[in-house]
Amino acid sequence: MAELEPISADEVRHVARLARLELSDDEVKRFTSQLGSILGHAADIAALDVAAIPPTAHPFGLVNVLRADVVTASLDRSEVLSQAPKVVEQRFGVPRIAGEAP
Amino acid sequence: MSVAELAVAIRSGERSAREVTEATLATIATDDPSLHAFVDVQIDQALERADSIDAAVARGEDPGVLAGVPLALKDNLCQHGELTSCASKILQGWRPPYDATVVSKLREAGVVVVGKTNMDEFAMGSSTENSAYGPTRNPRDPSRVPGGSSGGSAAAVAASMVPLSLGSDTGGSIRQPAALCGVVGVKPTYGLVSRYGLVAFASSLDQIGPFATTVADAALLLEVISGHDPRDSTSLPEEAPSLVAHLDDGVAGLRVGLCTDLLDGCDDEVVHAVRRAAEVFAGQGAEIVEIAIPELRFGLSAYYLLAPAEASSNLARYDGVRYGVRVEAGDVEAMNVATRTAGFGDEVKRRIMLGTYALSAGYFDAYYGQAQRTRTMIIEAFDRAYGQVDLLLGATTPTTAFELGAKIDDPMAMYLSDVCTIPSNLAGHPAMSVPFARGAEGLPIGVQLLGPGRSEERLFTAATVLEAGASS
């Protein structure tokens, strides 16, 4: 396993953007140091030779679990919508996502 | 009085659920303001529920094995129409449109839910200090943390406000606070308890489990909430195990591995308690084998890549559209960013960014892939150990409860308090913490019992022996 470079402030800004989070300059500084310390701890597993070991995503390896295709009641629409921050015409309301037609 | 005896008294009409619920609510009103174990107390709903149980008893119906027993739920368990916020600002005011499967099962068993307990936001933390509602205090010493993330559930039971509570355990979030507060806490085998209606943190690791003051009470509660659920695709296919019937089976002939890697770096008083627990087992006819599983020490690093990776994906749903809080801003992306930036606390942001980074192009193999392979390595190491011994014994936590504020500015120091509990989550195995001794300052010390998948029956039998030999 190659030596990993510590995470940089620019990478923290990039990751925050991907995760839809906005950070102040102070937060970038603090999170860069904290994430660097956590990722630095992971150097212990980076050094392991585990290339021949298969990855585990689920402890018991259940795959393609299907239930019977039976129609059951869905959640009550008006109750679900009552919990949304904004409702427009019986739907979730969001800011406009498309511009004017060209 | 055990919860089984309490339920019998209520089912026979000797005591009323109303009277028990009123007493519980009065205790919470008196004791909780200084501890802050609860984020919401459901006074009217609990009394109404108690009355319906008393009415069922009066009609000659059987209201269930936990009839009238008060219970508190961690704030990440969905209850139809009741506030469920995961102690996060982003879900403030949210009332789920459905019940978690465990909540339905509790109702069928006659439980009276009295409220929601405080937690680290989205179950991310080890001290309950990462709560949007402020911290919970340890009932054994209010200057100290109760542990976390299920700190409110542990504290509520430790302070005798309720006899039972439920928490969730992703890396130790039931066992660690149980140890720090001096109560019994169980993380069941992955899939034994349905996760339907548990707000997701790290789906391949999360598991719901009980807190109680005794092993027998915890066994009864776990029997009630276990069993296959078609609404959770990771639910095991079998029915609930029989635990209460085997509590007194004893440990004669059982091979117990004293795991030296679950003592490394622990305080002397903790190591001493675990070694004395081994003597209690030996005195009851168990064979004690010292066993090294050096692979377990890599669990911490693997966990703190895998759990944030899963969290970064699971928490993408908090976008200000379908539930919870929205902060309005120009376009959709600006609204998403404004909502998440205002709604999440620092620890949640840290883990989302860590997970996003571990999953990003160029780092996926080095971090996430490497952690997944390390997870397999740990599972294989456990499998070899369980070829030699029936159960493992070790510390639950390296130290007793620490002071509020002691680790909040140093995430890595905080994460180290989970070092002994994480391996069982990675393997999907059951493990429990049993209060066993007191440290120099009178603070509780828990010892941890670990077993292979589906070994709950054996774990509870062994825990009963430890409980009888405890000096706490």
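Before you click on anything, here's a handy term: a residue is buried under 20% relative accessible area, exposed over 50%, and partly exposed in between, using a 1.4 Å probe and the protein chains only. You're looking at a predicted model, where local features need pLDDT of at least 70, side-chain atom pairs count only at pLDDT 80 or more, and totals for chains, interfaces and linings use all residues. Residues are numbered from 1 along each chain as its sequence is written, chains are lettered from A and ligands numbered from 1 in the order in which they are written, and side-chain values use heavy atoms, with hydrogens and water left out.

**Stop 1: chain A**

Select chain A and switch to a cartoon view. You'll find four helices and two strands, in the order α-α-α-α-β-β from the N terminus. (Helices are DSSP runs of H or I with at least four residues, strands are runs of E with at least two, and both are numbered from the N terminus.) Chain A is more spread out than a compact globule, because its radius of gyration is 23 Å, well over the 13 Å that the globule rule gives for 102 residues. That radius is taken over C-alpha atoms, and the rule is 2.2 Å times the number of residues to the power 0.38. Of those 102 residues, 28% count as buried.

**Stop 2: where the chains meet a ring and a charge**

Now pick Arg454(B) and Phe60(A). The charged end of Arg454(B) sits over the ring of Phe60(A), 5.8 Å from its centre. (To count, NZ of Lys or CZ of Arg must be within 6 Å of the ring centre and within 35 degrees of the ring normal.) Is Arg454(B) buried, exposed or partly exposed? Its relative accessible area is 46%, so Arg454(B) is partly exposed. Look for Arg454(B) in the loop between β11 (444-450) and α15 (456-468) of chain B. Its phi is positive, about 65 degrees, although Arg454(B) is not a glycine. Most residues other than glycine have a negative phi, and most peptide bonds are trans.

For another charge over a ring, go to Lys407(B), which lies over the face of Phe402(B) at 4.4 Å from the ring centre.

**Stop 3**

Jump to Ala123(B), in the loop between β3 and α5 of chain B. Here phi is near 70 degrees, again positive in a residue other than glycine. Ala123(B) is buried, at 3% relative accessible area. Next, show the backbone of Gly148(B) and Ser149(B): a cis peptide bond joins them, with omega about 10 degrees.

**Stop 4: aromatic pairs**

Over all chains, the structure holds 13 aromatic pairs. Rings of Phe, Tyr and Trp (its six-membered ring) pair if their centres lie within 6.5 Å; planes under 30 degrees apart count as stacked, over 60 as edge-to-face and the rest as tilted. Select Tyr98(B) and Tyr196(B), a tilted pair at 5.2 Å centre to centre with 40 degrees between the planes. Tyr98(B) is in the loop between β2 (70-74) and α4 (101-108) and Tyr196(B) in the loop between β5 (184-187) and β6 (208-212) of chain B, so the pair ties together parts 98 residues apart in sequence.

Then show Trp94(B), Phe122(B), Tyr318(B), Tyr323(B) and Phe344(B), which ring pairs link into a cluster.

**Last stop: a covered helix**

Finish at α7 (residues 215-225) of chain B. How many of its 11 residues are buried? Nine are, which leaves the helix mostly covered; among them are Val215(B), Asp217(B) and Leu220(B). After α7(B) comes Gly227(B), with a positive phi near 120 degrees.
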